[in-house]
Each structure stands twice: as structure tokens, then as C-alpha cells.
Amino acid sequence: MNDLAEIIAFYLANGLTGRILAAHVDDGTGHCAGCAWQQAAQPIYPCALRYSAEVAAAQEKQQSARVELSPRAESS
Ligand SMILES: [Zn+2]
């Protein structure tokens, strides 16, 4: 498992994906608003957190799609 996959698994396990997507947005200057508090040099948007949360959200969507499909598969 690479670093990104571990981060994504952490987001999904803790329900952090939506919070990160909401906080890490373009602040209007092309930098990340969600990262402003932690670094003197503000990261360019989208930051690594934002990117990883977007990947996590995509995986979450795929997982919920599978959950929706499974009852139909069991009943048939
Ligand atoms: Zn950020």
C-alpha cells in the first residue's frame, strides 16, 4: 500500500472526506484556504490533501455503488 492509499483509507475509515473537500478550496488567489493555518508558504490549490480527498471521494462513490448492487445480486 502506497502513502496515498493509506491516506485515503484513513479518510474513509474516519469519515473525513467531505470535511477535507469542504475546507481545502481555492482561496481566490490560487492557494489552498484549508492549508493556510499550518504552513508559512501557502500551498498552491489543489493541495495534496485536496487531491487525496478527491480520490477518496471517488472510491467512496464506487463502494456505495457496490453496496447498492449487492442486495439485488443476493435476491436473484
Ligand atoms: Zn489544503
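Two residues are in contact if their C-beta atoms, placed from the backbone, lie within 7 Å. Keep that rule in mind as you look at the views below. What you see is a predicted model, in which local features need pLDDT of at least 70 and side-chain atom pairs count only at pLDDT 80 or more, while totals for chains, interfaces and linings use all residues. Residues are numbered from 1 along each chain as its sequence is written.

**View 1. Contacts of Cys-35 in the protein chain.** Leaving aside neighbours within four places in sequence, Cys-35 is in contact with His-24, Gln-42, Pro-43, Cys-47 and Leu-49.

**View 2. The largest nonpolar core has seven residues.** A nonpolar core is a set of buried Ala, Val, Leu, Ile, Met, Phe, Trp, Tyr and Cys residues joined through C-beta atoms within 7 Å. A residue is buried if 20 or more other C-beta atoms lie within 10 Å of its own, exposed if 12 or fewer, and partly exposed in between, with C-beta atoms placed from the backbone. Here the members are Ile-8, Tyr-11, Cys-32, Cys-35, Leu-49, Ala-53 and Ala-56. Helix 1 and helix 3 each supply at least two residues of this core, and the largest share, three residues, comes from helix 3. In the protein chain, buried residues make up 16% of the 76 residues.

**View 3. Asp-27 sits in a loop.** Find Asp-27 between helix 2 (17-23) and helix 3 (48-75). Is Asp-27 buried, exposed or partly exposed? Asp-27 counts as partly exposed because 14 C-beta neighbours lie inside 10 Å. Not counting residues up to four places away in sequence, Asp-27 touches Cys-32, Ala-33 and Ala-36. From Asp-27 to Ile-44 is 17 residues in sequence and 9.9 Å in space, C-alpha to C-alpha.

**View 4. Helix 1 covers residues 3-14.** Helices (H or I, at least four residues) and strands (E, at least two) are DSSP runs, numbered from the N terminus. The twelve residues of helix 1 reach 17 Å from first C-alpha to last, close to the 16 Å expected at 1.5 Å a residue; the expected span is 1.5 Å times one less than the number of residues. Just after helix 1, Gly-15 takes a positive phi of about 65°.

**View 5. The protein chain has three helices and zero strands.** How confident is the prediction here? The mean pLDDT (the predictor's confidence in each residue, from 0 to 100) is 84, and 80% of residues reach 70 or more. Confidence is lowest in helix 3, at a mean of 79, and highest in helix 2, at 95.
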